[in-house]
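The sequence and structure are shown first.

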Amino acid sequence: MATYDNEQQEQLDQFKHFWKQYGNLITWVLVLVLGAYAAWTGYQYWQQKRGLAAAGLYEEMDRAVSGGQSDKAAQAFADLKKDYAGTTFAAQGALLAAKVALEQQKTDDAKSALQWAVDQGKNPDLVAIARLRLAGVQMDAQAHDEALKTLSASVPAEFAPLVDDRRGDILVAQGKKDEAIKAYRAAWDAMPPEVEYRRFIEGKLTALGQAPVAVAAEAASSVAASAP
């Protein structure tokens, strides 16, 4: 029994020595870990609460637009930009605001809303959509160089054909036929055959004398003719 007590006391002394040497460090590590966990949990809750509030504002904006209450819609969008910039709903609000502005022939307001979405948006897909629409508005305003600059940024791969298509439209407006054909061809090649919009691109190429099917047939004939 005495041997057991001595061993127990020795273990206790070792533990005291260990804690004296490393106790503060262990305590601070635990504090940091638990603090980080609490902060992450709080951040998640804050993000969820923020998302719900942004969603409510966007719904309010959408209802105001549907009801023809332009002032109320504008205020809701202003609140989204002010308090919830960077959320998906704020970017969607910018696209909706631009749509309404164009319907009311307020081109500058539309460009401003789309530019905000491009600059502040965090969702790559929505930013790409904003770029495409902004480039279209700029093209209609004859600001061709600005439109091409808007399209120069990288976008998700699935949007690349649409960017090339819009670039082709701008180049046609500038009278740059060969460059436009190149852009349209890149769009047509990259777009899956089952996508209906591919036919519109084919129509643009055909109008420029470069129907993609005919071009492919000519290339095949050329290869066949050069074969031994």
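A residue is called buried when its relative accessible area is under 20%, exposed when it is over 50%, and partly exposed in between. The model discussed here is predicted.

With a relative accessibility of 30%, Tyr197 therefore counts as partly exposed. Tyr197 belongs to helix α9, which covers residues 197-207. Together with Val195 and Phe200, Tyr197 forms a nonpolar patch on the surface, and the accessible area of the three residues is about 260 Å² in total.

The interior presents a contrasting topic. In soluble globular proteins, nonpolar side chains tend to be buried together. In this model, the largest nonpolar core comprises 29 residues, and Met61, Phe77, Leu80, Leu114 and Ala130 have the most contacts inside it.

A second, separate core has 21 residues, among them Ala147, Ala187, Met191 and Leu208.

When neighbours within four places in sequence are left aside, Phe77 is in contact with Met61, Ala90, Gly93, Ala94, Ala97 and Ala113. Ala76 is found in helix α2 and is buried, because its relative accessible area is 1%. The C-alpha atoms of Ala76 and Ala97 are separated by 10.0 Å, and these two residues are 21 residues apart along the chain.

Terms used: Residues numbered from 1 in each chain as written. Predicted model: local features only at pLDDT ≥ 70, side-chain atom pairs only at ≥ 80, totals over all residues. Heavy atoms only, no water. Patch = residues over 30% accessible without salt bridge, like charges linked within 9 Å, V, L, I, M, F, W, Y side chains within 5 Å. Areas by Shrake-Rupley, 256 points an atom, 1.4 Å probe, with all protein chains shown as cover. Salt bridge = Lys/Arg side-chain N within 4 Å of Asp/Glu carboxyl O. Helix = DSSP H or I, 4+ residues; strand = E, 2+ residues; numbered from the N terminus. Buried < 20%, exposed > 50% of the residue type's maximum accessible area, 1.4 Å probe, protein only. Core = buried A, V, L, I, M, F, W, Y, C linked by side-chain atoms within 4.5 Å. Contact = heavy atoms within 4.5 Å.
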